[in-house]
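Have the viewer open and follow along.

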Amino acid sequence: AGQHHTCAIRGTGELYCWGSNDFFELGRDRASLDDANVASEPLRVGADEDWSSVAVGWFHSCALKRGGALYCWGRSQEGQLGAGAAAGEPVRAPTPSATSMRFRSLALGSFHTCALDAERKVYCWGGNTEGQLGVNDKVPRDMPVPAAF
């Protein structure tokens with residue numbers, strides 16, 4: 001669960017999100033919701049059925065597919081999507097290395113994203129005002145950087 005939204009994966013591999021969609025954190029455009037831009041019941045995100053895990057931050061969401069591909073959507077003001085501007089639907093992240101990187105797990109903070117890759121290395125990107133990316137500085141990143149441990 002995030003600040004104002006929640007996502008979950010059914011046993012069939014379908015991905016659902018509900019709650020606030022002010023920053024597209026539900027993985028859909030605003031036209032499909034009520035006037036308050038809220039979904040009070042779970043809404044399916046896309047048509048894919050191969051999602052394996054999902055995590056949510058304050059205003060963004062990310063999910064892994066069974067093969068290790070990472071997709072993110074929502075607000076990206078701090079670079080936390082790893083895919084450029086805000087996205088109203090899941091976009092492959094992080095780009096441009098999206099085709100080669102495979103991940104095993106992920107965790108999201110308020111304005112940053114971290115993921116464990118297939119080789120068990122931790123990568124983080126997004127806001128870094130408090131050093132939360134683990135790279136020995138406070139510079140935000142919109143592309144994954146390996147944590148310095």
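Cys7 and Cys17 are both buried. Keep in mind as you look at them that this is a predicted model. The two are joined by a disulfide, with an S to S distance of 2.0 Å. Look down that bond and you'll find a torsion of about 105 degrees, so the disulfide is right-handed. As for where the two ends sit, Cys7 belongs to strand S1 (residues 5-9) and Cys17 to strand S2 (residues 15-20), so the link ties together parts that are 10 residues apart in sequence.

How many disulfides does the structure hold? There are 3 of them. In case the term needs a reminder, a disulfide is a covalent bond between the sulfur atoms of two cysteines. Count the bonded cysteines along the chain and the pattern reads 1-2, 3-4, 5-6.

Next stop is the link between Cys62 and Cys72, where the S to S distance is 2.1 Å. The angle about this S-S bond is 105 degrees, and the link is right-handed. Cys62 sits in strand S5 (residues 60-65) and Cys72 in strand S6 (residues 70-74), and the two are 10 residues apart. Are these cysteines buried or exposed? Buried means under 20% relative accessible area. Cys62 comes out at 0% relative accessibility, so Cys62 counts as buried. Cys72 is at 0% as well, so Cys72 also counts as buried.

The remaining pair to visit is Cys114 and Cys124, whose sulfur atoms are 2.1 Å apart in their disulfide. Here the angle about the S-S bond is 110 degrees, and the link is right-handed. Cys114 lies in strand S9 and Cys124 in strand S10, so this bond ties together parts that are 10 residues apart in sequence. Cys114 is buried, and Cys124 is buried too.

Strand S9 (residues 112-117) and strand S10 (residues 122-126) run antiparallel, with 5 bridges joining them.

Now zoom out. Which strands make up the open sheet, and in what order? There are 4 strands, arranged S8-S9-S10-S11, and the pairing is antiparallel. At the edges you'll see strand S8 (103-108) and strand S11 (141-146), each of which pairs on one side only. Going from one strand to the next, the twist averages 20 degrees.

Glu14 is found in the loop between S1 and S2. Is Glu14 buried or exposed? Its relative accessibility is 12%, and since buried means under 20%, Glu14 counts as buried. What does the side chain of Glu14 make a polar contact with? The partner is the side chain of Tyr16, at 3.1 Å. Set aside the neighbours within four places in sequence, and Glu14 is in contact with Ala8, Ile9, Arg44, Asp48, Glu49 and Trp51.

Technical notes. Residues are numbered from 1 along each chain as its sequence is written. This is a predicted model: local features need pLDDT of at least 70, side-chain atom pairs count only at pLDDT 80 or more; totals for chains, interfaces and linings use all residues. Side-chain values use heavy atoms; hydrogens and water are left out. Two strands pair if DSSP finds at least two bridges between them. Axes are lines fitted to C-alpha atoms, for helices over the stretch in contact, and angles run from 0 to 180 degrees between N-to-C directions. A disulfide is a pair of cysteine sulfur atoms within 2.5 Å. Buried means under 20% relative accessible area, exposed over 50%, partly exposed in between (1.4 Å probe, protein chains only). A polar contact is a pair of N or O atoms within 3.5 Å; within protein, one must be able to donate a hydrogen and the other to accept it, and residues adjacent in sequence count only if both atoms are side-chain atoms. Contact means heavy atoms within 4.5 Å.
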